[in-house]
Amino acid sequence: MLGGCEAQYGAPGDFDQWANINQDDSWSWKNFSQYFTKFEKYSYDPEYPDLDPKTKGSDGPVRIGYFSDISQSSKDFIDSCTEIGIPHSADFNNIKSTGGVNRAMTYIDQKRERVSSESAYLTGDVLARPNLKVAICAQVTQILFEKVGDTIRATGVEFSGTQDGPRYRAKAKSEIIVAGGAIHSPQILMLSGVGPAEQLQKHDIPVIHNLPGVGSNLVDHPVVGVNFKDKQNDSRKFLKPQSISTTSAVDSPDLEIFTSPLSYKDHGTIIFPVHSVALHSALLRPMSTGKLTLKSNNPWDSPAIDPKYLEAPEDVQKLIRGIKLIFKIAKAEPLTSSDEELEKIVRERVASLNHPTGTCRMAPLAEGGVGLRVCDASIFPSMVSGHTVDFSATIRDTLIIYSIGWCSLRRC
């Protein structure tokens, strides 16, 4: 899963919108929020007494809390936000305070390492289970389908370790779950014959099920950074970047402003040699949507990705507003006050926050269904105003509950 270490869930309205799109109230905040506390193991910090630990999970597999180091520039960022009228938020993941400013919680284990799905869920005890086999260094080449009665259902998976190596097949006793993420899940489906018929036929792939939405509706969080010289010469320029502090608009936010204790380019591959800090404006609910298509019918060819960042004029205007807020927080005057020149900066510096979603978008059952399930950020019916890795964990737990219920009905 892509993303950073922030436990940033978003606004309750995001989930109510999901429930409306899917005509299914189980996705509403009042019903879905329980899955966030289910995966949490909150570590209380006496420096943050205004956060109510009763609202957090205590026995989940993902350890969350205020674990990361916080630089002086990040503390100054929080103070500057409150000085210009941005309210303090005790907990961004509380229905009452999704907007405001505070230090963000992170998920880091006792070894000071990021808690991933692998480390949280694939523990030694789990890997030792006799009914679980994990194939490493393996790539799915296609999903296998068979005609069962009058319907076609997914019945197995083909995979291989190398492009020219032997191909193996695993048969499913019950169902197939695809969890390749917003990039590889639609690629796997299309390689298997599930997707836009016109595109599949172009690459000589037999059409199993014509689903035009597979690969479309690609939505990401675009971000623009502004770099500042650190007068205290106390930046973390020896580190790789990570988000530390966050602020957003009131109620359901459309922008996230965060600071990093050093300046960088190209997702940290280039670190500025001088002491510097950066403030970033991330667009949480972009209106621009891209698409993902196949280059060929070869599973080892990466798909073609066109994110179409900033295609919607509204996205540009919101990021311009974010840059203006950044200069206000930094108590600095921009070199230009022209929206036209700020738009040029936005378009030159826009980058991905690595939160792709939506390419296997959920819809009411009548609009799809081929006997398999997709369980990752690709199913998002709309973008959320939070960090997508948290939602992926909740979707996984939701699927477990639904699958148990489904299997029980099958046995009856």
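Reply: What follows is a chat about helices, cores and salt bridges. This is a predicted model, where local features need pLDDT of at least 70, side-chain atom pairs count only at pLDDT 80 or more, and totals for chains, interfaces and linings use all residues. Residues are numbered from 1 along each chain as its sequence is written, and side-chain values use heavy atoms, with hydrogens and water left out.

Me: Start with cysteines. How many disulfides does the structure hold?
Reply: The structure holds 0 disulfides. A disulfide here is a pair of cysteine sulfur atoms within 2.5 Å.

Me: Is cysteine 81 buried or exposed?
Reply: Cysteine 81 is buried, because its relative accessibility is 0%. Buried means under 20% relative accessible area, exposed means over 50%, and partly exposed is in between (1.4 Å probe, protein chains only).

Me: And cysteine 137, buried or exposed?
Reply: Cysteine 137 is exposed, with a relative accessible area of 70%.

Me: What comes just after α7?
Reply: Glycine 193 does, and it takes a positive phi of about 100°.

Me: Which residues touch the most other members in the largest nonpolar core?
Reply: That core has 53 residues, and the ones touching the most other members are Phe36, Ile64, Ile143, Leu189, Leu372 and Phe380. Helix α7 gives the most to this core, with 5 residues. Another core lies apart from it, with 24 residues, including Cys81 and Leu310. A nonpolar core is a set of buried Ala, Val, Leu, Ile, Met, Phe, Trp, Tyr and Cys residues joined through side-chain atoms within 4.5 Å.

Me: What is phenylalanine 36 in contact with?
Reply: Leaving aside neighbours within four places in sequence, phenylalanine 36 is in contact with Tyr9, Phe15, Trp29, Asp390, Phe391 and Thr394. Contact means heavy atoms within 4.5 Å.

Me: Now charges. How many salt bridges?
Reply: The count comes to 11 salt bridges. The rule is a side-chain nitrogen of Lys or Arg within 4 Å of a carboxyl oxygen of Asp or Glu.

Me: What does arginine 285 form a salt bridge with?
Reply: Its partner is aspartate 14, and the closest N and O atoms are 2.6 Å apart. The pair links distant parts of the chain, 271 residues apart: arginine 285 is in the loop between β15 (276-283) and β16 (291-293), while aspartate 14 is in helix α1 (residues 12-22). Aspartate 14 counts as buried, at 0% relative accessibility.

Me: Where do arginine 347 and glutamate 343 lie?
Reply: Both lie in helix α10 (residues 339-349), 4 residues apart, about one turn of the helix. Arginine 347 is partly exposed at 42%, and glutamate 343 is partly exposed at 25%.

Me: Last one. What does glutamine 199 touch?
Reply: Glutamine 199 touches Met190, Thr293 and Leu294, not counting residues up to four places away in sequence. Glutamine 199 lies in helix α8 (residues 197-202) and is buried, with a relative accessible area of 13%.

Conventions. Helices (H or I, at least four residues) and strands (E, at least two) are DSSP runs, numbered from the N terminus.
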